[in-house]
Amino acid sequence: MATPGETTRRDFLARMAGLGALLATPRAAQGRTAVGRSALPTQTPLPTRPIPGTDEALPIVGFGSSKPVLEIPTEGTEPVAAVIRVLLEQGGRVVDTSPRTPEIDAEFSQVLTAPEFSDRLFVATKINTDGEAAGIAQMRQNQRLVGRRTLDLLQVESMRDLDVHWPNVLRWKDAGEARYIGVTVSSNARHDDFEAVMRAEPLDFVQINYSVMEPGAEDRLLPLAQDLGMAVLINRPFMNGSYFGRVSGRTLPAWAAEFDCATWAQFSLKYILAHPAVTCALTETTNPEHMADNVGAGFGRLPEEATKRRMRELVRDF
């Protein structure tokens, strides 16, 4: 049970007048006053960060569909479309996905290729299978998913059968079928292996698990990505949802206002975004109100290193 005056994700969302009102209201008037969130300029788009070595930049908050979109909700594709719509309206455009069943991919493809979205998104796709033939099939499946010959970003998920897939990934980039290529990891136990891949292969992007409760990547992987000029996507910002179970019933500290943080979701996201190596944090939700909350983390101040230590100490025993 929340204590009087507690600020949680649920409390914050309950105070919202509704998603339509949220998007129609200038940021300076939005209801993020529970911990003194600073007013922001009206219609300010999400900040962006550059893809190293290019003249392209990405908004710092995106949609990571790898966890929540395991199946299209029973009400159809509209919840997913609504989440992406919120992201775009706030200046975001990064959508990360992964092959599922042909039926799920066909429905998700309807969203990604819809006229309102198709030319506006930066879509990160993946290969997550064993064997060369299966990898090639997934590459073609990814192209059908997004309705494009040239993919924005093609990743090998969790280094799965990387030795087999990587030569083809390199050829597809050379042939203009992938603008950027990379590899993902989502487990601290595999960070040593991932570091070896980063040092050995010409990666444009790395995707890494990192959050206030999983800060291990900041020891070696994130600094290495900076040194090697690799863009960084972050997965598991909420530990596949378990983060909210751990902060449930706890009071957001008043000092979170010092870095314009209004909710526990923003607490983890602002921790992530404060690291200069991070290009974009992928947030996982099929709730447009949650996406609006997540996007809010991209605005305002970010915690400094001393504050990040304080944040880690706070959640250590949660």
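Tutor: A residue counts as buried under 20% relative accessible area, exposed over 50%, and partly exposed in between, with a 1.4 Å probe and protein chains only. The model is predicted, so local features need pLDDT of at least 70, side-chain atom pairs count only at pLDDT 80 or more, and totals for chains, interfaces and linings use all residues. Residues are numbered from 1 along each chain as its sequence is written, and side-chain values use heavy atoms, without hydrogens and water.

Student: Which strands pair with β9?

Tutor: Two strands pair if DSSP finds at least two bridges between them. Strand β8 (residues 205-209) pairs with β9 in the parallel sense over 5 bridges, and V206 has V232 as its bridge partner. From β8 the chain passes through helix α8 (residues 221-228) to β9 in a right-handed β-α-β crossover; right-handed means that, with the strands pointing away from the viewer, the path from the first strand over the helix to the second runs clockwise. Strand β10 (residues 280-283) also pairs with β9 in the parallel sense, over 2 bridges, and there A281 stands opposite I234.

Student: How many disulfides are there?

Tutor: A disulfide is a pair of cysteine sulfur atoms within 2.5 Å. The count by this rule is 0. As for individual cysteines, C261 is buried at a relative accessible area of 0%, and C280 is buried at 0% relative accessibility.

Definitions and conventions
Helices (H or I, at least four residues) and strands (E, at least two) are DSSP runs, numbered from the N terminus.
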